[in-house]
Amino acid sequence: MELKRVVVTGLGILSPLGNSVEETWKNLLKGESGAGPITRFDASLFKTQIACEVKNFDPGQYIDRKEARKMDIYTQFAVAVAKQAVADAAIDLENEDLTRIGVVFGAGIGGIRTFEDEIGYYYQHQDMGPKFNPFFIPKMISDIAAGQISITFGFHGPNYSVASACATSTNAIADAFNLIRLGKASIMVTGGSEAAITAGGVGGFNAMHALTTRNDSPKTASRPFSASRDGFIMGEGAGCLILEELEHAKARGARIYAEVIGEGMSADAYHLTASHPDGLGAILVMRNALEDAGIKPEDIDYINVHGTSTPVGDVSEAKAIKEVFGEHAYKLNISSTKSMTGHMLGAAGVAEAIFSILAVVNDIVPPTINHEEGDEDENIDYNLNFTFNEAQKRTVNVALSNTFGFGGHNACLIVKKYAK
């Protein structure tokens, strides 16, 4: 069968760099860091005391306060960015077939704050017998963001959640993309949300030695591809794309940001938390995405890398890029926007998809910040253009975005300039 073309017609984001697409993009290009001391809980006894938090979020701007109390903050984030994206796409809900609009929206962890609060209260007061909030379970479960979005708008199309750790929202976008090109929906609301800056979230990652402990300098703590990197800094937030079948978008006169042309998926099948040292899963996922898009490696202009600032992960991804792209690897731009947003976990993929789309729209590549002269790892080829410290203007016709998750889950998305 002939697959339908899929375009992006709406964007929404809450990030450590801003509570809108415009604000986030502006700060990203300036090379701003969203990092600072943790305010979500008292982290004074933790090895890591810094994170990239969303600032000044008011759920009341998007959600009735009574309804907001039924939601974990990760779901509040999700509903907020969905409302931003639907508004940005200018979808006329009164004249759309709502059975043809669906939601695929994910979370790597879900309502961990709700879980901690409820279980903590129980153990502190168990002499009183079990007392739990009736919304405990629907606030906690990782599929509820997709459900709440569909309830908010009355969307009756395909509706489910995806969970693949840090690859979650890229997998969600890939599924939404496939549903449209197979003709099973006209519009899909897709992305991911995460709010795991909690005692359990930070403590758990600390126990794995995954987080930076550069507490004295939060804004320079995330330093992908630098020799002094010592782990990622946790981020939070949410992002949303409106994907739409091309002819449907044209028929309603929608503004089109870019076209989604391919996705890839693979598994490392190697380790619970570490990427394969030779980047085998990363090689496979990028090749799968290129094949799905029907393009050559030389067609890629920019790669938004997973680039978490971990000792092993950055090396293996750089190796994978050289293997897949050969000599062309030295002609494209590479950047890790996690150097500014931190690692948004289940929301990382959609945030970085948005940044890739905006790079295509604006012909500018956001930087990888915090690299210092001489801070070089002997295992990384610095002839690759990591777009260190300053955004670079260049024609970006096609961009690729990588995300890799614990468990060896790899997902990749390719977007290009829209051409009629």
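The lining of the largest pocket comprises eleven nonpolar, 19 polar and three charged residues, where Ala, Val, Leu, Ile, Met, Phe, Trp, Tyr, Cys and Pro count as nonpolar, Asp, Glu, Lys and Arg as charged, and the others, Gly among them, as polar. The model is predicted: local features need pLDDT of at least 70, side-chain atom pairs count only at pLDDT 80 or more, and totals for chains, interfaces and linings use all residues. Residues are numbered from 1 along each chain as its sequence is written, and side-chain values use heavy atoms, with hydrogens and water left out.

The volume of the largest pocket is about 550 Å³. A pocket is an open set of points on a 1 Å grid over the protein atoms alone, where a 1.4 Å probe fits, with protein on both sides within 12 Å along at least five of seven lines; lining residues have an atom within 4 Å of a point. The volume is the space filled by probe spheres set on the points, which are joined across faces, edges and corners. Of the 33 lining residues, Thr273, Ala274, Ser275, Thr310 and Phe406 are the closest to the pocket centre.

Aspartate 381 is buried, at a relative accessible area of 17% (buried: under 20%, 1.4 Å probe, protein chains only). Its side chain reaches the backbone nitrogen of asparagine 383 at 2.9 Å. Not counting residues up to four places away in sequence, aspartate 381 touches Lys322, Tyr330 and Phe386 (heavy atoms within 4.5 Å).

Aspartate 363, with a positive phi near 50 degrees, follows helix 13.

Methods
Buried < 20%, exposed > 50% of the residue type's maximum accessible area, 1.4 Å probe, protein only. Polar contact = N/O pair within 3.5 Å; in protein donor to acceptor, adjacent residues only side chain to side chain. Helix = DSSP H or I, 4+ residues; strand = E, 2+ residues; numbered from the N terminus.
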